[in-house]
Amino acid sequence: FVLKALIRSKQVIYCRFLFPALGALLFGYEIGATSCATISIKSPTLSGISWYDLSSVDVGIITSGSLYGALIGSIVAFSVADIIGRRKELILAAFLYLVGAIVTAVAPVFPVLIIGRVMYGIGIGLTMHAAPMYIAETAPSQIRGRMISLKEFSTVLGMVGGYGIGSLWVTVISGWRYMYATILPVPVIMGIGMCWLPASPRWLLLRAIQGKSNVENLQQAAIRSLLRLRGPAIADSAAEQVNEILADLAFVGEDKEATFGELFRGKCLKALTIAGGLVLFQQITGQPSVLYYAPSILQTAGFSAAADATRISILLGLLKLVMTGVSVIVIDRLGRRPLLLGGVSGMVISLFLLGSYYIFYNNVPAVAVAALLLYVGCYQLSFGPIGWLMISEIFPLKLRGRGISLAVLINFGANALVTFAFSPLKDLLGAGVLFCGFGVICVLSLFFIYFIVPETKGLTLEEIEAKCL
């Protein structure tokens with residue numbers, strides 16, 4: 001009976017995870033679908049519009065519109081996240097996903113299309129802030145790493161789905177509209193699911209000890225929330241767990257009202273250094289650029305499919321999916337630091353190999369292909385899932401909302417900077433020197449991980465605050 005209860009409890013936990021993970025899937029889908037939509041929308045015969053003759057700047061705005069929306073979403077999250085809570089933030093994100101996708105799909109003119117892209121992007125910013133935080137605060141510490149890494153798996157799955165669906169619609173008249181319309185049921189399901197899920201019990205308890213409402217009512221709400229999230233296996237211990245969390249929160253000083261200045265002092269500054277450093281290195285070690293350059297690398301290797309960008313993207317997306325799956329399986333057994341150190345070491349080797357190919361071995365394309373596949377695989381074992389995992393669990397609760405919003409802002413800001421700077425730097429330095437430069441930055445990130453990033457495997461969020469900060 002006990003074994004059945006535990007199995008059912010795990011099924012309940014994974015079921016609850018699905019709805020916030022849909023937000024990550026919608027983020028990934030946008031990346032894949034947009035790469036195909038830009039091909040469709042520029043076609044004189046297939047775009048189905050009169051304003052298809054877009055400049056490179058216009059295409060750049062379409063591609064990056066959601067990215068700038070995500071930056072806006074991160075700023076919004078900084079102000080409202082701790083007030084409305086993680087659950088309502090995800091409901092708002094689902095609404096913005098839905099409206100943004102509708103506006104994009106029916107856009108009669110270019111400016112309306114951009115408005116839709118930005119609205120969708122604001123939903124991305126809110127999701128990438130709230131989803132890992134909600135999962136971290138509701139998952140048992142023994143499987144927290146796996147649960148948050150599954151969010152990254154959902155992102156990659158969405159990306160592969162976007163490439164696949166985009167490739168189906170890319171040869172159809174007005175296919176770019178159908179690419180964005182196809183996904184419309186998903187934000188509806190996400191929104192309904194998040195309305196059904198309870199608020200994060202830790203957020204409720206934070207509101208309780210900070211005197212935001214009646215303490216006893218919020219404590220009872222936290223117990224009910226924990227029971228719904230974890231299932232019948234904890235029926236006898238839910239009240240005790242809530243009391244333990246309350247005691248831990250009071251012990252580490254969560255009962256005091258958070259101020260903006262606290263982000264840059266003491267424990268919060270250390271947490272911000274760890275989280276901000278990880279998401280910064282996640283981007284400036286070349287991840288957007290290597291993937292951007294992937295089609296030309298495979299084309300020089302003589303792959304017949306290299307002329308078809310969508311097929312190349314699906315191939316890399318499937319590799320990312322497999323390696324993210326490996327990370328999901330082993331992350332709570334091996335821990336965060338071993339995967340980070342091992343994966344980033346592989347990235348260093350791949351970047352120097354890639355740089356050497358363009359400088360010395362451009363007549364041996366197998367070197368470039370091997371380096372590309374090694375980079376993608378190692379990134380998905382390390383920075384890909386673990387960056388988001390660490391930022392969701394390292395901040396003290398009272399500043400978790402604001403801290404994660406700053407980390408997400410750093411992530412999307414660095415992504416925008418690297419994406420913007422890649423082409424000019426490649427023209428100035430050459431691809432070989434540029435990839436070697438990314439390799440040097442990757443070596444610096446290894447030192448950062450070794451000396452700064454703690455191991456959080458198996459610790460509760462309150463234990464992480466007490467022991468690691």
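Is Y178 buried, partly exposed or exposed, and at what relative accessibility? In this predicted model, Y178 counts as partly exposed, at 38% relative accessibility. The legends below treat selected close-up views.

**Figure 1. An edge-to-face aromatic pair between F27 and F412.** A search of the whole structure finds 13 aromatic pairs. In the pair formed by F27 and F412, the centres are 6.0 Å apart and the planes stand at 75 degrees to each other, an edge-to-face arrangement. Because F27 belongs to helix α1 (residues 2-41) and F412 to helix α16 (residues 400-429), the pair ties together parts that are 385 residues apart in sequence. F27 is buried, with a relative accessible area of 13%. F412 is likewise classed as buried, at 3% relative accessibility.

**Figure 2. A tilted aromatic pair between W169 and Y178.** The ring centres of W169 and Y178 lie 4.8 Å apart, and the planes are at 35 degrees, so the pair is tilted. W169 counts as partly exposed, with a relative accessibility of 28%. Y178 is also partly exposed, at 38%.

**Figure 3. An aromatic cluster of Y357, Y358, F435 and F438.**

**Figure 4. Arginine charges over the rings of W196 and Y450.** The charged end of R228 is placed over the ring of W196, at 5.5 Å from the ring centre. In a second example, R337 has its charged end over the ring of Y450, 5.6 Å from the centre of that ring.

Figure 5. Leaving aside residues up to four places away in sequence, L113 touches I41, W51, I62, T104, A107 and W176. V103 lies 10 residues from L113 in sequence, and the C-alpha to C-alpha separation of V103 and L113 is 6.7 Å.

**Figure 6. A positive phi at S174.** S174 has a phi of about 60 degrees, a positive value, although S174 is not a glycine. The residue is located in the loop between α4 (144-169) and α5 (175-181). With a relative accessibility of 14%, S174 falls under the 20% limit and therefore counts as buried.

Technical notes. Residues are numbered from 1 along each chain as its sequence is written. This is a predicted model: local features need pLDDT of at least 70, side-chain atom pairs count only at pLDDT 80 or more; totals for chains, interfaces and linings use all residues. Side-chain values use heavy atoms; hydrogens and water are left out. Rings of Phe, Tyr and Trp (its six-membered ring) pair if their centres lie within 6.5 Å; planes under 30 degrees apart count as stacked, over 60 as edge-to-face and the rest as tilted. Helices (H or I, at least four residues) and strands (E, at least two) are DSSP runs, numbered from the N terminus. Buried means under 20% relative accessible area, exposed over 50%, partly exposed in between (1.4 Å probe, protein chains only). A charge sits over a ring if NZ of Lys or CZ of Arg is within 6 Å of the ring centre and within 35 degrees of the ring normal. Contact means heavy atoms within 4.5 Å.
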